[in-house]
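Student: I have a structure open and would like to go through it piece by piece. Can you help me read it?

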Amino acid sequence: MKLKTIAVLFGGRSGEHEVSLVSAESVMKALDPARYTIVPVGVDKQGRWWTGPGAMAFLRKGGPSVDGGPSVDGGAADCAPCFLPADPGRRALLVEKGGTLEEVAIDVVFPVIHGTFGEDGSLQGLLELADVPYVGAGVAGSAVAMDKVLQKRLHRDAGIPVPAFLHYPSTEVRVRVEEIAAEAEEALGLPLFVKPPNLGSSVGIGKATTRAELIAALRHAALFDRKVLVEYAVPEAREIEVAVLGNQDPFASVPGEVVPSNEFYDYDAKYVDNASALLIPADLPDDMADRIRALAVQAFRALECEGMARVDFLLSRSTGELFINEINTIPGFTSISMYPKLFAAVGIPYPELLDRLVALAERRHAEQRALQRSYTPKSDWHRSGE
Ligand SMILES: Nc1ncnc2c1ncn2[C@@H]1O[C@H](COP(=O)(O)OP(=O)(O)OP(=O)(O)O)[C@@H](O)[C@H]1O
Ligand SMILES: [Mg+2]
């Protein structure tokens, strides 16, 4: 069987750069060597692409040295600059080697870049222009899923319960933060969660229980995004997560539960403290579990996601309210992350999950290629200008 060449993209110009390195390492280890040849592609914090067996080590060590060259600890890093031309005919990486450009043919791209310039539709746009099959959501699904404000509007429109929210341009937050804090507290009460809408891993997120904390959280979130989201804090929230797989016919895993080691599931509780617990399946009454699974698929479809996504819910212990919190289209993917673990719990082990994601990428690409992309007008009206 001819091996498929998979370019695995990691790192990126994102607040979640480090998280991506760990996710991608795990994906590359789990991809079946009897089926795939892996081309590691590291994107450094300035957004430059590097490929080669040393690309991961290069980024783990912090990427380009001050002179911008590929060196690690003073030694030559075993990787080279590369890029993907937006040229549909090529479907290849161009690698700079000794003043020439070498072509590395690619069958499928597996983006494992979380957050900005990886999960937000921009990378997906390049992959569409290059006409390369790629894993995960397309341009539109990625863009709306990344933006928590747009996401909430579409979910609300689809009748899916979302916590009450307001949002403000960061330019306004910088000039009238006290006024905005008063407005938000008036409209939504306290406590509140404040977020930069286009990020992940809880970067820039704060919980405010007082006016002063609200003002500080607004200022902080405005550092990371051009708008700021303020939302109702679900009281005594249980964190329920569901994994979804598929293109236009998606299905959901069993729900799992996260028990954060901090007051809320912040960056340290996710990646540093190593003290948060994942319970699979979540201890829920059957009807609630079924409702959450159905809502997860509905939410996935409402954003026109494809391939994969992790759908996060907040279930109040005190009020019994259930809300969707958000969808992540490139979820954490280490072997201990919720997404692969939830599918393992329903009988789809990690390597097989990756095989299915690659197959979904190729199926979508084939469907898109079958679409008519040009139109032949009856008359040559467009030539009249000559
Ligand atoms: N409205 C809310 N009510 C209660 N807790 C909340 C609310 N919004 C966020 N949280 C808490 O903050 C955490 C991070 O929020 P959220 O999932 O929106 O951010 P994220 O940065 O996109 O995270 P992820 O790493 O899952 O992509 C949640 O897991 C939860 O602990
Ligand atoms: Mg998120």
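Student: What is the handedness of the crossing of H6 and H7?
Tutor: The crossing of H6 and H7 is right-handed. Keep in mind that this is a predicted model.

Student: At what angle do those two helices, H6 and H7, pack?
Tutor: The angle is about 135 degrees, and the axes are 9 Å apart. H6 covers residues 170-188, while H7 covers residues 211-221.

Student: Why are H6 and H7 called oblique to each other?
Tutor: Angles over 145 degrees count as roughly antiparallel and 65 to 115 as roughly perpendicular, with the rest oblique. The angle here is about 135 degrees, so H6 and H7 are oblique to each other.

Student: Which residues of H6 meet which residues of H7?
Tutor: From H6 there are Val-173, Val-177, Glu-178, Ile-180, Ala-181, Ala-182, Ala-184 and Glu-185. They meet Arg-211, Leu-214, Ile-215, Leu-218 and Arg-219 in H7.

Student: And by class, what is in the contact of H6 with H7?
Tutor: That contact has nine nonpolar residues, four charged ones and no polar ones.

Student: OK, other helices. How do the axes of H4 and H5 cross?
Tutor: They cross at roughly 100 degrees and come within 5 Å. That makes H4 roughly perpendicular to H5. H4 is residues 139-146 and H5 is residues 148-157.

Student: Which residues meet there, between H4 and H5?
Tutor: Val-144, Ala-145 and Met-146 in H4 meet Lys-148, Leu-150, Gln-151 and Leu-154 in H5. By class, the contact of H4 with H5 has five nonpolar residues, one polar and one charged.

Student: What about H1 and H11, at what angle do they cross?
Tutor: Roughly 95 degrees, with the axes of H1 (residues 17-30) and H11 (residues 350-369) coming within 9 Å. H1 is therefore roughly perpendicular to H11. Ser-26, Val-27 and Ala-30 of H1 make the contact with Tyr-350, Pro-351 and Leu-354 of H11. The residues of this contact of H1 with H11 are five nonpolar, one polar and no charged.

Student: Switching to the ligand. Which residues come nearest to ligand 1?
Tutor: There are 22 residues around ligand 1, and Lys-148, Lys-195, Ser-202, Glu-231 and Glu-239 come nearest.

Student: Which atom of Ser-202 is 2.7 Å from an oxygen atom of ligand 1?
Tutor: A polar backbone atom of Ser-202. Tyr-232 also has a polar backbone atom 2.8 Å from ligand 1, and there the ligand atom is a nitrogen.

Student: And how does Asn-328 come in, through backbone or side chain?
Tutor: Through the side chain: an N or O atom there is 2.8 Å from an oxygen atom of ligand 1.

Student: Last topic, the loops. Where is Pro-191?
Tutor: Pro-191 is in the loop between H6 and strand E11 (192-195). The peptide bond from Leu-190 to Pro-191 is cis, with omega near -5 degrees.

Student: What is omega for the bond from Ile-280 to Pro-281?
Tutor: Omega is near -10 degrees, and that peptide bond is cis. Pro-281 is in the loop between strand E17 (277-279) and helix H9 (286-302).

Student: And what is phi at Arg-91?
Tutor: Phi at Arg-91 is positive, about 45 degrees, although Arg-91 is not a glycine. Arg-91 lies in the loop between strand E6 (80-83) and strand E7 (92-97).

Methods: Residues are numbered from 1 along each chain as its sequence is written. Chains are lettered from A and ligands numbered from 1 in the order in which they are written. This is a predicted model: local features need pLDDT of at least 70, side-chain atom pairs count only at pLDDT 80 or more; totals for chains, interfaces and linings use all residues. Side-chain values use heavy atoms; hydrogens and water are left out. Axes are lines fitted to C-alpha atoms, for helices over the stretch in contact, and angles run from 0 to 180 degrees between N-to-C directions. Helices (H or I, at least four residues) and strands (E, at least two) are DSSP runs, numbered from the N terminus. Angles under 35 degrees count as roughly parallel, over 145 as roughly antiparallel, 65 to 115 as roughly perpendicular and the rest as oblique. A crossing is left-handed if the near helix is turned anticlockwise from the far one by less than a right angle, and right-handed if clockwise. Contact means heavy atoms within 4.5 Å. Ala, Val, Leu, Ile, Met, Phe, Trp, Tyr, Cys and Pro count as nonpolar, Asp, Glu, Lys and Arg as charged, and the others, Gly among them, as polar. A residue is near a molecule or strand if one of its heavy atoms lies within 4 Å of it. A polar contact is a pair of N or O atoms within 3.5 Å; within protein, one must be able to donate a hydrogen and the other to accept it, and residues adjacent in sequence count only if both atoms are side-chain atoms.
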